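I opened my notebook on this one to jot down what I looked up, entry by entry. Please have the structure at hand while you read along.

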Amino acid sequence: MGEVLIFIGCPQIPVQSALVLHIADFLQDAGHHPIVAANPSAKQLVKTSDPKGHYVKDYIDLDKTIGDLADGTVHYPLIISLIHNNAGLTYTATIAAVSPDSLLLSVLFGEHAYDIAEEVEYPTEKVVAPVTHNTRPLLTKLDEVLEWAVLKI
Amino acid sequence: MGCLENMNYEVLAKNCSFKEAREIIKSNSKERYQVPPGFKLLDKPLIGIPPIIIGITNEKLVYGYTKPCHGTFVVVVDDHEGVEHVRRDGKPVW
């Protein structure tokens, strides 16, 4: 089974790290290898929650990931991007442009999730809920979409 | 080539959306080029929603620089190699 990229942005919203571990757990159960692209602080939060790497073993830098996708040196059949601000949207639109053959899931959360979701203009499957501390409203739809996505790759 | 922090640069705008940044770049440069996402300046791939516009004014680059926690900045960078790279590999737009 292949590698799946979980792309995360600023760790300002508490649900982000929990979502990463939840998605990574799902992917491992489905036989896939999750790789997390993150900036140093977001990576540190996930690593602190998963110190022995039970859920996530491999991390890569955000900008290096974009460069490698643009150069064609890496390819991921499935990319799951966690977005809660305009920068996250910009990064994810960049991914859509440099990796058009990947199946791209956009998980939008945080206070402005619906507003940001309306600005999405790239091809993607969206999971949206304006949550900050409580993951529950997001999880049912997220699990449904993940089950569908791993069957597509 | 090097890091933006090591260059002579100024910030025209900060914490803006990419669309706002694009308009600021256009209004601050007469010479403009379109480049694809992932186009490298100072060894870093550009982040942005296509079409990505880079301006040149007074032989300096004007472009959007996105950081995950701080949104998009519009910077004016004294990067002679970058100016040559953009003129050579970008698509001129008006």
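**Where the chains meet.** I began with the contact between the two chains, to which chain B gives 17 residues and chain A gives 18 residues. For contact I used C-beta atoms, placed from the backbone, that lie within 7 Å of each other. On the side of chain B that touches chain A, strand E4 (44-45), strand E6 (60-67) and strand E7 (71-77) of chain B each give two or more residues. Helices (H or I, at least four residues) and strands (E, at least two) are DSSP runs, numbered from the N terminus. I sorted the residues on that side of chain B into 8 nonpolar, 6 polar and 3 charged. Here Ala, Val, Leu, Ile, Met, Phe, Trp, Tyr, Cys and Pro count as nonpolar, Asp, Glu, Lys and Arg as charged, and the others, Gly among them, as polar.

**A note on the model.** This is a predicted model, in which local features need pLDDT of at least 70 and side-chain atom pairs count only at pLDDT 80 or more, while totals for chains, interfaces and linings use all residues. Residues are numbered from 1 along each chain as its sequence is written, and chains are lettered from A and ligands numbered from 1 in the order in which they are written.

**Core.** Which residues have the most contacts inside the largest nonpolar core? I found A:Ile6 and A:Val107, in a core of 75 residues. Such a core is a set of buried Ala, Val, Leu, Ile, Met, Phe, Trp, Tyr and Cys residues joined through C-beta atoms within 7 Å. Buried means 20 or more other C-beta atoms within 10 Å of the residue's own, exposed 12 or fewer, and partly exposed in between. Beyond four places in sequence, A:Ile6 touches A:Val20, A:Ile23, A:Ala24, A:Pro34, A:Val36 and A:Ile80.

**Two helices of chain A.** I then checked helix H3 (residues 62-71) against helix H4 (residues 86-98) of chain A: the angle is about 20° and the axes are 9 Å apart. Axes are lines fitted to C-alpha atoms over the stretch in contact, with angles from 0 to 180 degrees between N-to-C directions. H3(A) and H4(A) are therefore roughly parallel, a label for angles under 35 degrees. From H3(A), the contact uses A:Leu62, A:Ile66, A:Leu69 and A:Ala70, and from H4(A), A:Tyr91, A:Thr94, A:Ile95 and A:Val98. I sorted these residues into 7 nonpolar, 1 polar and no charged.

**Tyr63 of chain B.** Is B:Tyr63 buried or exposed? It is buried, because it has 28 C-beta neighbours inside 10 Å. B:Tyr63 sits in strand E6 of chain B. Leaving out neighbours within four places in sequence, its contacts are B:Ile25, B:Leu41, B:Leu46, B:Ile54 and B:Val75. I also noted B:Ile53, 10 residues away in sequence and 7.0 Å away from C-alpha to C-alpha.

Most residues other than glycine have a negative phi, and most peptide bonds are trans. B:Asp43, in the loop between strand E3 (40-41) and E4, has a positive phi of about 70°. B:Asp43 counts as exposed because 10 other C-beta atoms lie within 10 Å. B:Glu59, in the loop between E5 and E6, has a positive phi of about 60°, and B:Glu59 is exposed too, with 10 C-beta neighbours inside 10 Å. Lastly, I found a cis peptide bond joining B:Pro50 and B:Pro51, with omega about 0°. B:Pro51 lies in the loop between E4 and strand E5 (52-57).

Terms used
Parallel < 35°, antiparallel > 145°, perpendicular 65-115°, else oblique.
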